[in-house]
Amino acid sequence: MSLRSSVANGAADKSSSSPPDDGGQEKQKKLLAADAGHFSMIKALHLADLITELNGFCGFMSILSSMRYCLGSPTSYGPIYIALAFIPFGLFFDFMDGKVARWRKKSSLMGQELDSLADLISFGVAPASAAFALGLRTPLDTIMLSFFVLCGLTRLARFNVTVSTLPKDATGKSKYFEGTPIPTSLGMVAAMAWAVSQGYVIGGEKGVLGGIIGDELSWWGGVHPVVGVFVGWGCAMVSRTIHIPKP
C-alpha cells in the first residue's frame, strides 16, 4: 500500500483553503465524465496511475506463473520461483507510484482506488495462489486462503474510507497504518521461497511444510496447519488495535 491516498487527501484538505490547487483531481473528473471516445479514459490517467497498473500487472503475472507450476512437474520449480519473484516487483511499483505522485504533485481519487485494487491482486490473491500451487489445496485450505484474501480486501476498503480521519503529521500524512498493511504479506512470500528451496512442496522431497492433519477423512481432505499463518496474517490486517507507524 503506497502513500498515494495521503497525497490525495492532503490535496483535498488544501483545496478547502485554496481551491485552485487540487492536484489535478478536477481535471481528471472532467476527463472521465466526458464522452469523447472509447479510449478517452487513457487521457485521464496520470503517470503515477500507469505505474500503479504495473503493480497489478506483476500480481497477475504471478498468478499465471503459479497456475503454470500446477500444470507441470512439482519438482520443476522455475514457474513458482517466477511467481514469487513477481510479487516484490509489484511492491517496487507500489512504492514508486506514490513517489511519482508527490514529485509531479498530481493526485487523484481514481489513483487511490487503482492502488487498492492492484495491492489486492499483488499482495493478496498472488500469495494465496502461490500457496495453493505449493500444496495448500484441500477444501479447508482453500477456505482459509480465501479468508486471507477477503481480509485483505476488507482492510483496503477500510483504509480508503478512514484514511482522511486518521491522525496526521505536519506534512499531512497519516501517522500510522491501522492494522498491518497488505504488502507485509511479502514476509510469507519470502518464507514460501525458502520452502521451495528446501523441497517443502507438494510432490517434493519433504512434502508440504508441517504436514497435514485429518487427511483420513476423505470428505474434507484434512488441513495443512501451516495455512494458519495466512489466517493469522488476515486477522492482523483487519485489526483496529494494531497501529503500524508510517515511515
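Arg-158 counts as buried, with its relative accessibility at 17% (buried means under 20% relative accessible area, exposed over 50% and partly exposed in between, using a 1.4 Å probe and protein chains only). This is a predicted model, so local features need pLDDT of at least 70 and side-chain atom pairs count only at pLDDT 80 or more, while totals for chains, interfaces and linings use all residues. Residues are numbered from 1 along each chain as its sequence is written, and side-chain values use heavy atoms, with hydrogens and water left out.

Back to that arginine. Arg-158 pairs up with Glu-178 in a salt bridge, the closest N and O atoms being 3.5 Å apart (a salt bridge is a side-chain nitrogen of Lys or Arg within 4 Å of a carboxyl oxygen of Asp or Glu). The pair ties together distant parts of the chain, with Arg-158 in helix 7 and Glu-178 in strand 1 (residues 176-178), 20 residues apart. Helices (H or I, at least four residues) and strands (E, at least two) are DSSP runs, numbered from the N terminus. Glu-178 counts as buried too, given its 9% relative accessibility. Glu-178 also forms a salt bridge with Arg-240, and here the closest N and O atoms are 3.8 Å apart. That pair again links distant parts of the chain: Arg-240 sits in the loop between helix 9 (228-238) and strand 2 (243-245), 62 residues apart from Glu-178 in strand 1. Arg-240 is exposed, at a relative accessible area of 61%. Through shared partners, the salt bridges join Arg-158, Glu-178 and Arg-240 into one network. A search of the whole structure turns up two salt bridges.

Helix 7 itself covers residues 139-162, and its end C-alpha atoms lie 34 Å apart, which agrees with the 34 Å that 24 residues should span at 1.5 Å a residue (the expected span is 1.5 Å times one less than the number of residues). Buried residues in helix 7 include Asp-141, Leu-145, Phe-148, Cys-151, Arg-155 and Phe-159.

Over in helix 5 (residues 78-104) there is Asp-94, which counts as buried at 0% relative accessibility.

As for the aromatics, five aromatic pairs come out of a search of the whole structure. Rings of Phe, Tyr and Trp (its six-membered ring) pair if their centres lie within 6.5 Å, and planes under 30 degrees apart count as stacked, over 60 as edge-to-face and the rest as tilted. Phe-92 and Phe-93 are edge-to-face, because their ring centres are 5.3 Å apart and their planes stand at 65°. Phe-92 counts as partly exposed, at 46% relative accessibility. Elsewhere, the charged end of Arg-137 sits over the ring of Phe-132, 5.7 Å from its centre.

Zooming out, the protein chain has nine helices and two strands, in the order α-α-α-α-α-α-α-β-α-α-β along the sequence. Of its 247 residues, 47% are buried. Among contacts (heavy atoms within 4.5 Å) with a separation of 6 or more, 75% are between residues 24 or more positions apart.

Note on methods: Lys NZ or Arg CZ within 6 Å of the ring centre and 35° of its normal.
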